[in-house]
Amino acid sequence: MHISNSLVFPMLAFAAVSLFAAGPDGPAQIKLEEVLSIGGPDADLLFQWTGVSVDRDDQIFVVDTLDYSLKKFDPRGRFLGKVGRKGQGPGEFEKAVGLSVVGDSVYAWDLSVRAVQVFDRNLIYRKSLPLPGLVDGLGPTPDGALAVGILGPDGFPKIIVIDTEGKIVREISYQGKAERLFGDSVRFVFGPSREIYLGYLFRDLVEKRDLSGARIWAKNPWGTKSVELREIRGFKIPTESCILSVGRDSRGRIYVLGGKKAPHPAREVVIYDADGGLAGGFLLPDPSHSLYFDHRDFLYVAADGGVTLKKYRLIVK
Amino acid sequence: MRKEPWLRRRAGIWAVLWGILGASAAWGGTDQADFRGLVGSRFALVLIDVDSLACDPCLDSLREFCRAVPPAVQEDRVLGVLTFRTGKIPDPRLGRIARTKWAGYSRALEIKFPVTVDESQSFNRLSEAGTTILLFDAGTGRLKRWTAPFGPPAIEEMVRFLTSTEVFIMEPQP
């Protein structure tokens with residue numbers, strides 16, 4: 001196991017990175033202070049982590065797609081254990097791409113499996129919840145249910161709400177047929193007042209909607225209007241990613257990580273307040289495929305191509 | 001299969017590597033390199049594009065190869081080379097990251113052959129189309145190349161080549 005707190009890359013310890021900001025209160029300086037680093041280029045711990053989630057005891061859970069595993073770390077980053085191997089059986093992964101800890105359950109999903117696997121916080125496999133599409137994201141709703149982003153058999157994304165047994169309770173409708181984009185994918189987080197924030201992988205669009213699907217506001221963080229499409233076997237497929245990840249801190253600020261359309265792909269983060277006002281932004285020191293906030297507002301992102309997990313404290317001046 | 005001392009085997013592989021680099025002008029026959037001292041030695045070089053590690057389907061052929069080749073043969077006669085698609089000399093840190101990624105992947109799948117990182121980018125041209133396997137018979141100076149996806153006949157031929165003790169005549173490469 002390898003843990004480095006500002007030892008390996010001292011330049012990054014306070015690194016980082018202040019950048020622009022333009023809110024009603026004037027420019028805000030945002031600095032990332034590294035508080036924990038797990039794995040690394042010379043460690044033997046993380047190989048291509050894809051999903052991270054933190055439980056109420058600050059234990060860190062990670063899925064790693066290269067060794068087909070779900071791993072658990074204590075709050076200081078010490079390795080506690082892992083489960084999983086390649087396969088499609090119980091507790092196995094083909095290409096683990098995400099996870100979410102909700103209460104006492106750890107939900108993990110594969111890129112190509114129409115189900116979510118449920119583990120307990122001791123990494124013991126409990127069950128699988130079959131779903132009507134490939135899983136694209138999962139998170140708790142304000143009323144204790146689970147919202148799951150799925151890519152339906154028709155190739156279009158949607159969000160369904162399920163109970164803990166996997167029964168579909170309702171669907172959150174967030175785009176009309178004319179707006180739908182084949183092959184698109186949506187990242188989402190919920191706010192405390194039954195609102196949902198959406199970021200589209202292939203559209204330069206961040207939205208706030210209520211749970212009935214009505215749009216409250218919409219933003220184009222990178223100022224692009226068009227969607228790059230490439231025709232493959234008769235299907236027009238989007239190719240240039242716009243929004244890689246969406247996160248929310250306890251103060252209600254929404255963090256949007258840009259894809260290839262951003263000026264600094266996979267590093268540029270734009271912050272909106274709950275009313276859609278631009279509240280600031282910063283650059284990550286290293287490209288990351290995702291960002292995640294725990295319940296204490298620590299930020300988790302990737303570094304070194306996914307062999308490192310960084311935990312930062314955001315300092316807003 | 002006759003067991004050889006580790007160093008000799010590894011020296012043989014590196015001799016093959018140097019031979020390939022030295023005689024890389026011609027594919028399908030490298031008779032200009034003299035490997036007669038290695039009669040009976042057969043090796044496989046597996047060129048793995050580092051970017052393919054992020055693309056599971058891209059690795060299907062490699063997994064098939066690894067499933068088919070016995071672990072002991074992988075250890076003795078196969079060497080992996082992690083290659084980069086970038087046109088410039090990669091940051092040494094990228095090489096370390098690539099090794100780490102491979103360590104996790106190979107351990108999970110029980111892949112036994114050792115790997116090196118192509119820091120000099122000598123194999124870029126060979127692996128630009130994807131995972132590539134070079135089979136080399138040091139005794140006859142014959143070389144054959146496959147680029148993924150490998151079909152069952154190709155896998156079968158590779159396994160036969162690496163495990164057979166009989167004289168093996170490779171068909172000319174199409």
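The model is predicted: local features need pLDDT of at least 70, side-chain atom pairs count only at pLDDT 80 or more, and totals for chains, interfaces and linings use all residues. Residues are numbered from 1 along each chain as its sequence is written, while chains are lettered from A and ligands numbered from 1 in the order in which they are written.

Helices (H or I, at least four residues) and strands (E, at least two) are DSSP runs, numbered from the N terminus. The buried residues of helix 2 of chain B are Ser61(B), Leu62(B), Phe65(B) and Cys66(B); buried means that 20 or more other C-beta atoms, placed from the backbone, lie within 10 Å of the residue's own. They fall within an arc of 135° seen down the helix axis, so they line one face of the helix. The arc is that of the directions from the axis to the C-beta atoms.

| Helices of chain B | Angle | Axis distance |
|---|---|---|
| Helix 2 (residues 60-68) and helix 6 (residues 152-163) | about 40° | 10 Å |

Axes are lines fitted to C-alpha atoms, for helices over the stretch in contact, and angles run from 0 to 180 degrees between N-to-C directions.

Between the chains, the contact takes 14 residues from chain B and 16 residues from chain A.

Methods:
Two residues are in contact if their C-beta atoms, placed from the backbone, lie within 7 Å. A residue is buried if 20 or more other C-beta atoms lie within 10 Å of its own, exposed if 12 or fewer, and partly exposed in between; C-beta atoms are placed from the backbone.
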